[in-house]
Amino acid sequence: MTAPDPGTGPGADPGPGVGYRIAVDVGGTFTDLVLRRPDGTQLVHKTSSTPEDPTVGFVAGLHALAAAEGREVRDLLAGTDLLVHGTTITTNALLTGTGARTGLLTTEGLRDVILARQGSRDDQFASKAAPPPPLVPRHLIETVRERVDSTGTVVTPLYEQDVRRAAGRFRAAGVEAVAVSFLFSYLAPDHERRAAEILEAELPGVFVTASCRLVPEVRLFERTTTTALNAYVGPILRGYTERLARRLADLGYRRPVLVLQSNGGVVSLPRAAERAVETLLSGPAGGPAAVAPVLAALGLPQAMAMDMGGTSFEVSLSRRGRTETTSQGVLGGHSICLPILDIATIGAGGGSVAWATAGGMLRVGPRSAGARPGPASYGRGGTEPTVTDADLLLGYLDEAAFSDGIRLSRAAAASAVGALAERLGIGLTEAAAGIHRTVNAAMADRLRLSTVRRGLDPRRFALVAAGGAGPSHAVEMARELGVPLVVVPGAASVLCARGMLHADLVRYYVHSFAGRDPHPPATVLEQALNGLVQQAEADLREQGATGAVSYTRFADVRYVGQVHEISVAFADGTRPDAAAVADLLARFHLEHEERYGYAQPELAVEFVNVRLLARAPAAPPSPSPPRRVSGAAVPIARRQAWFEGGYREVDVYDLETLPAHRRVEGPALFAHPTTTLVVPPGFVAELADDGSALVHPATEALDAVLDRLRRGADPRPAVPAGAVPAGAVAIGAAP
């Protein structure tokens with residue numbers, strides 16, 4: 001279904017080649033599209049994804065946007081100067097095991113480097129837990145004679161005949177991609193580069209990835225798995241991008257297509273195919289860019305951002321204006337050492353299937369009904385009960401106005417949920433309410449884990465709710481966690497697509513000191529970083545960057561004898577001279593204490609890597625959309641909805657026309673063509689100037705809630721000296 005952003009309307013005709021920008025986020029259930037007009041107003045649309053060929057849903061969405069704008073799709077694209085795309089094509093290939101048939105070429109004696117998995121289990125307490133199937137089976141791993149030592153000195157030259165022999169075996173096995181990862185190649189990459197050249201000549205059309213080009217840093221296992229991941233999903237993404245480019249060319253589009261990466265930045269279509277592993281979080285990585293201006297407008301220093309779509313539930317933390325990034329992530333059970341946004345995902349969405357265990361317990365997900373057939377209420381042949389079916393029966397969704405023009409079937413939802421209720425031995429409404437509570441509990445646990453594991457109190461965070469299903473569940477999760485404020489941005493259901501329009505061209509670079517000098521003077525650090533800056537400038541020019549490039553410099557530091565390091569940024573705008581290094585080390589000790597509960601400044605430290613983040617605007621900024629106006633809050637309908645154990649007749653408001661700064665007390669529903677905000681009793685909602693809905697406990701004023709979150713004040717009530725909070729037992733006291 002297509003809808004304007006809150007407070008927006010059609011913009012002026014931009015003329016050919018000027019003005020429009022389009023973002024397309026292909027998810028597991030829906031494809032989200034955002035059209036940004038030259039005047040800053042926006043149009044959003046959701047269409048069903050087409051997993052068999054995502055380009056079909058992509059193009060169908062473009063046609064729908066054009067129709068809503070009163071144009072032919074060719075005319076719309078002729079007036080579009082930027083198209084940004086987020087895709088789950090590589091994620092799906094990894095999770096479903098449908099990547100390319102991949103071979104690995106490595107140093108003689110290291111054939112089992114990825115099979116041994118460092119000798120550890122992901123869950124140390126699950127003795128029978130099996131690791132995921134290896135990306136490269138052992139019979140497709142070949143070794144060659146070559147050796148570089150830990151100082152970068154060549155001990156054994158590359159035997160090129162070994163590479164050609166391996167190429168022949170790969171050809172006979174029908175491999176579609178080859179990963180090349182040699183010991184200490186990050187110190188001396190010539191052997192890897194030459195081996196890759198030979199493979200490309202011997203195996204035309206085969207996707208070849210060399211670790212020295214992708215991740216030139218220490219840690220052989222993580223470097224090899226990252227390279228193997230890139231090879232595994234590379235041909236899949238390359239084929240997809242080629243099909244997409246042809247479809248867009250057929251529609252007359254000739255301007256840039258940028259693809260969102262897992263680090264939150266964008267790259268050109270060809271570069272994305274070369275570094276396919278960097279798109280494994282494409283899509284969800286767009287959310288933080290959209291969340292940042294919302295938090296800045298409210299003056300909030302930190303927030304949890306959740307996105308509940310049709311298939312999955314993603315969580316990220318924004319602190320001090322930045323979303324945390326990690327270079328030691330795990331995707332699909334496989335280690336990756338490229339910088340990615342720290343986004344946690346679980347299988348909880350509107351399409352998540354509810355089921356009963358053998359013991360009669362209710363469970364929801366992680367399996368999803370997807371886009372085809374989708375929830376039972378879609379009327380597309382689905383028969384299993386899902387979260388969407390339960391939300392419809394509870395009165396939270398409007399069966400006549402759902403995303404993509406779908407008319408939901410209450411009868412089909414009742415049949416699916418009723419079958420589950422019969423297995424559980426409970427009533428229909430009780431089963432629907434149980435599904436709603438169960439998925440809320442799972443998502444609240446994920447939010448709790450994302451904060452508490454870092455020693456953070458979720459009650460000091462706001463909760464930003466996005467995704468088509470997110471606003472329907474967010475307030476109940478906030479209640480469970482004690483979070484005082486829920487923020488639902490305008491057009492929250494397509495938040496990730498909106499964020500793509502704010503994304504910059506981003507490139508990460510690394511220089512490793514492992515094997516060189518772990519205690520380099522400031523001049524050596526500066527020289528290494530300057531070399532990365534030169535590389536970044538050349539790359540970004542090739543990507544078409546024309547604006548100013550900003551750089552953030554990092555150092556990976558650890559105490560001597562430690563295995564893992566902490567990445568610490570140099571102060572903004574400073575040269576990495578002696579004073580800057582001293583400041584960085586002081587902040588390293590503070591960060592170490594925050595993470596692990598102690599710091600030892602008296603110990604020697606060592607530098608493992610220096611990193612560079614280069615960022616350039618993908619397009620000039622466009623005007624901001626109009627601000628909301630004040631007025632009376634008038635409901636558009638009333639509906640029976642389930643609250644606190646019974647159905648109530650509640651008001652339904654239109655989020656698109658609701659005026660700013662008007663408090664609306666729950667229970668109430670706030671409808672949008674692509675989502676519904678559910679406000680239970682005891683909470684109030686009001687809209688900010690930018691169209692964001694702010695929901696908080698009715699017992700507090702909004703200004704008081706915002707002030708407390710801005711100050712980071714302790715949410716717990718003060719306890720007089722000597723008193724014991726209710727429900728606690730004082731140490732040494734009788735129970």
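Partly exposed here means a relative accessible area between the buried limit, under 20%, and the exposed limit, over 50%. Keep that in mind as you click through this predicted model.

**Stop 1: a salt bridge with two kinds of partner**

Select Arg 648 and Glu 644. Their side chains meet in a salt bridge, with 3.1 Å from N to O. Now colour by accessibility. Arg 648 has 33% relative accessibility, so Arg 648 counts as partly exposed. Glu 644, with a relative accessible area of 57%, is exposed.

**Stop 2: a bridge along a helix**

Move to helix H16, which covers residues 578-596, and pick out Arg 595 and Glu 591. Both residues sit in this helix, four residues apart, or about one turn. Draw a distance between their side chains: the closest N and O atoms are 2.8 Å apart, and the two form a salt bridge. Arg 595 is partly exposed at 48% relative accessibility, and Glu 591 is partly exposed at 23%.

**Stop 3**

Next, select Arg 459 together with Asp 457. This is another salt bridge, with 3.1 Å between the closest N and O atoms. Arg 459 is partly exposed, at 27% relative accessibility.

Then select Glu 160, Arg 164, Arg 171, Arg 194, Glu 197 and Glu 202 as one group. Salt bridges link these residues in a network. Side chains of opposite charge can pair when their charged atoms come close. How many salt bridges are there in the model? The count comes to 38.

**Stop 4: a buried arginine**

Go to helix H8, residues 269-274, and find Arg 271 there. Is Arg 271 buried or exposed? With a relative accessible area of 10%, Arg 271 is buried. Show its surroundings: beyond its neighbours within four places in sequence, Arg 271 is in contact with Arg 507, Asp 539, Glu 542 and Gln 543.

**Stop 5: aromatic pairs**

Switch to the rings. The structure holds six aromatic pairs. One of them is formed by Phe 30 and Tyr 378, a tilted pair at 6.4 Å centre to centre with 55 degrees between the planes. Phe 30 belongs to strand E3 (residues 30-36), while Tyr 378 is in the loop between strand E23 (362-368) and helix H10 (387-393), so the pair ties together parts that are 348 residues apart in sequence. Phe 30 is buried at 11% relative accessible area, and Tyr 378 is buried at 8% relative accessibility.

Follow this with Tyr 653 and Phe 670, a stacked aromatic pair: 5.4 Å centre to centre, 20 degrees between the planes. Tyr 653 is in strand E31 (residues 646-654) and Phe 670 in strand E33 (residues 668-672), so parts that are 17 residues apart in sequence are tied together by the pair. Tyr 653 and Phe 670 are both buried.

**Stop 6**

Finish inside. In soluble globular proteins, nonpolar side chains tend to be buried together. The largest nonpolar core in this model has 125 residues, and Ile 22, Phe 58, Leu 62, Leu 83, Leu 105 and Leu 199 have the most contacts inside it. Helix H7 (residues 220-250) gives the largest share of this core, 10 residues.

Centre the view on Phe 58. Leaving aside neighbours within four places in sequence, Phe 58 is in contact with Val 24, Val 26, Leu 33, Leu 83, His 85, Tyr 240, Leu 244 and Leu 248.

Key: Residues are numbered from 1 along each chain as its sequence is written. This is a predicted model: local features need pLDDT of at least 70, side-chain atom pairs count only at pLDDT 80 or more; totals for chains, interfaces and linings use all residues. Side-chain values use heavy atoms; hydrogens and water are left out. A salt bridge is a side-chain nitrogen of Lys or Arg within 4 Å of a carboxyl oxygen of Asp or Glu. Buried means under 20% relative accessible area, exposed over 50%, partly exposed in between (1.4 Å probe, protein chains only). Helices (H or I, at least four residues) and strands (E, at least two) are DSSP runs, numbered from the N terminus. Rings of Phe, Tyr and Trp (its six-membered ring) pair if their centres lie within 6.5 Å; planes under 30 degrees apart count as stacked, over 60 as edge-to-face and the rest as tilted. A nonpolar core is a set of buried Ala, Val, Leu, Ile, Met, Phe, Trp, Tyr and Cys residues joined through side-chain atoms within 4.5 Å. Contact means heavy atoms within 4.5 Å.
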